[in-house]
Amino acid sequence: QVQLVESGGDLVQPGGSLRLSCVASGTFFSINAMGWYRQAPGKQRELVADMPSGGSTDYADFVKGRFTISGDLAKNTVYLQMNSLKLEDTAVYYCYAVVSTVPGYKYMYWGQGTQVTVSS
């Protein structure tokens, strides 16, 4: 079993910054990617940023230039630095990990979510 625990969500004013953290634990062979999705009320979950093993990071267009994903897959951690936050960034942010519990098989695991609210 794999567990993901996020932290860092908060209430922030427009233009402010937050840093989300996520750590994975459990028994697995390797982590192939970690990243972040978000889901706003009444909307579908959408990809925010992805950090694959051995590859380049990827961002949704709506966060490019404002958000930065970082971390260390060898240490099972991923972060999301969010700057210049906008009202429309309000959402529950979910950490995910693509994990191989046995070689050759990949599964996607999710954290419980952390609330980010941007409001004046």
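**First stop: a pair of serines**

Select Ser7 and you'll find Ser21 of strand E3 standing opposite. Before going on, note that this is a predicted model, where local features need pLDDT of at least 70, side-chain atom pairs count only at pLDDT 80 or more, and totals for chains, interfaces and linings use all residues. Residues are numbered from 1 along each chain as its sequence is written, and side-chain values use heavy atoms, with hydrogens and water left out.

Now color E1 and E3 (residues 18-26): these two pair in the antiparallel sense over six bridges. Strands here are DSSP runs of E, at least two residues, numbered from the N terminus, and two of them pair if DSSP finds at least two bridges between them. In general, strands of a sheet pair through backbone hydrogen bonds.

**Widen the view: the sheet**

Which strands form the open sheet, and in what order? Show E1-E3-E8-E7, four strands with antiparallel pairing. At the edges sit E1 (2-7) and E7 (67-72), each pairing on one side only. Neighbouring strands in this sheet are turned by 15° against each other on average, direction ignored (the axes are lines fitted to C-alpha atoms, and angles run from 0 to 180 degrees between N-to-C directions).

**Two hairpins**

Next, pick E4 and E5, which pair in the antiparallel sense over six bridges. Click Arg38, whose bridge partner in E5 is Glu46. Six residues lie between the strands of this hairpin, and Gly42 there takes a positive phi near 80°.

Carry on from E5 to E6 (residues 58-59): two bridges join this antiparallel pair. Asp50 has Asp58 in E6 as its bridge partner. This hairpin has five residues between the strands, with Gly54 at a positive phi near 70°.

**Look inside**

Which residues touch the most other members of the largest nonpolar core? Select Met34, Trp36, Leu80, Met82 and Tyr93, out of 33 residues in that core. E9 supplies its largest share, five residues. Such a core is a set of buried Ala, Val, Leu, Ile, Met, Phe, Trp, Tyr and Cys residues joined through side-chain atoms within 4.5 Å. Buried means under 20% relative accessible area, exposed over 50%, and partly exposed in between (1.4 Å probe, protein chains only).

Finish at Val102, which is found in strand E9. Its relative accessible area is 39%, so Val102 counts as partly exposed.
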